[in-house]
Amino acid sequence: MPLVNRLKEYRAVLDVNQQQMGALVGTSRQTISQIERGDYSPSVTLALKIAKVCGVTVEDIFEYVEET
Amino acid sequence: MDKKYIDEKDKQIHKENKKYMPIFMIILLAAGLLGFFVGRAARKFEISDLSGQLESFLTKTLIYVLPVMYVIMILILAAVCIPVLIKQIKKARVWDGEDEEYIEKVEKSFSNLLNCTAFFTIASFGIFFMSMLLVESSTVSETVRKLVIFVDLICLVCDLVFTTIIQSGVIKNIRMLNPEKRGNIFALNFRKKWEGSCDEAEQYVMYKASYKSCKVVNTVCMWLMIITFLTGIVFKTGIMPVFCIAIIWTCSNLSFVREVNRLEK
């Protein structure tokens with residue numbers, strides 16, 4: 001998956017679990033878990049919501065890495 | 001569009017066609033020849049008595065086998081699925097809200113239980129209707145007939161009761177674990193509400209799975225059509241099986257195309 005993320009780190013900073021994070025951005029705990037594992041690439045809307053909740057930019061959380 | 005672009009694209013597609021067309025034609029020809037020879041072979045094996053013999057054998061065997069299978073199925077449902085449900089409910093209730101691996105395992109078990117009940121429901125209706133048809137068309141004694149009907153009816157009721165208990169238990173607990181989930185399992189609009197409360201990742205999984213299942217249905221229908229056609233020749237099973245498969249195949253494709261058209265608007 002070329003999209004790597006630091007969602008887990010930012011979630012730790014906010015001191016919320018996946019369920020609470022899901023509620024904050026209007027999604028399920030499973031989706032937060034999948035994003036953190038790198039199994040799911042969120043939509044632009046969800047990525048923006050996550051960034052807003054964390055108080056950072058999307059690029060701070062998500063990074064596109066070229067596949068070699 | 002630019003004419004140069006059109007010409008170039010046309011050339012490219014033509015070149016690709018030239019590459020793939022012979023293979024496609026060979027496959028078509030081989031399939032046609034295979035169908036022709038299998039059809040002729042099937043005609044050759046047509047024995048006037050075969051369908052009668054087979055029907056008699058199946059009736060005599062299945063009339064006893066199906067109720068036994070049905071009872072075994074219900075016992076599995078009661079003795080395996082319900083204890084698993086109780087165990088998983090207990091696990092879900094003691095979740096600390098933090099251990100993600102723990103709750104993922106519980107949710108996986110809930111999902112497996114739902115899949116099991118879906119499979120058992122299909123099998124249950126299949127066995128019940130087959131058994132009823134066999135009882136009606138067989139020459140077994142009145143006692144056996146009544147016994148088979150009694151066992152089948154009891155099993156059908158048990159299946160419906162157990163399935164409802166398991167499904168409502170699973171849905172209730174999934175809703176407890178995921179407060180955003182909506183829908184009551186006994187309500188007619190359950191599926192719509194449930195789907196509406198699923199987020200983008202869950203909907204993505206659903207749509208991807210639906211597309212895959214549509215592709216599988218297409219392949220299975222094609223093979224079933226060939227098989228039912230051949231058994232129609234050999235065993236005189238009539239046009240009903242072919243007709244039913246054609247209906248299923250058509251419905252599957254029409255609903256897919258209709259939905260694609262709706263979404264593309």
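The charged end of K181(B) sits over the ring of W194(B), at 5.8 Å from the ring centre. This is a predicted model. K181(B) also makes a polar contact of 2.8 Å with E202(B), side chain to side chain.

- E202(B) belongs to helix α6 of chain B.
- With a relative accessible area of 14%, E202(B) is buried, because buried means under 20%.

**Helix α6 of chain B**

- The 36 residues of α6(B) should span 52 Å at 1.5 Å a residue, and the 50 Å between its end C-alpha atoms agrees with this.
- The buried residues of α6(B) include A201(B) and E202(B), as well as C214(B) and C221(B).
- Also buried in α6(B) are T228(B), L230(B), G232(B), I233(B) and V234(B).
- Just after the helix, K236(B) has a positive phi of about 55 degrees.

**Aromatic pair between the chains**

- Over all chains, a search of the whole structure gives 6 aromatic pairs.
- In one of them, the ring centres of Y40(A) and Y204(B) are 6.0 Å apart and the ring planes stand at 50 degrees, so the pair counts as tilted.
- Y40(A) is in the loop between α3 (29–37) and α4 (44–54) of chain A, while Y204(B) is in helix α6 (residues 200–235) of chain B, so this pair joins two chains.
- Y40(A) is buried, at 11% relative accessible area.
- Y204(B) is partly exposed, with a relative accessibility of 44%.

**Aromatic residues in helix α3 of chain B**

- The rings of F125(B) and F129(B) have centres 6.2 Å apart and planes at 20 degrees, so this pair is stacked; the limit for stacking is under 30 degrees.
- Both residues, F125(B) and F129(B), lie in helix α3 (residues 100–137) of chain B, where they are 4 residues apart, or about one turn of the helix.
- F125(B) has a relative accessible area of 33% and is partly exposed.
- F129(B) is likewise partly exposed, at 48%.
- Together with F128(B), the residues F125(B) and F129(B) form one aromatic cluster.

Conventions. Residues numbered from 1 in each chain as written. Chains lettered and ligands numbered in written order. Predicted model: local features only at pLDDT ≥ 70, side-chain atom pairs only at ≥ 80, totals over all residues. Heavy atoms only, no water. Phe/Tyr/Trp six-rings, centres within 6.5 Å; stacked < 30°, edge-to-face > 60°. Buried < 20%, exposed > 50% of the residue type's maximum accessible area, 1.4 Å probe, protein only. Lys NZ or Arg CZ within 6 Å of the ring centre and 35° of its normal. Polar contact = N/O pair within 3.5 Å; in protein donor to acceptor, adjacent residues only side chain to side chain. Expected span 1.5 Å × (residues − 1).
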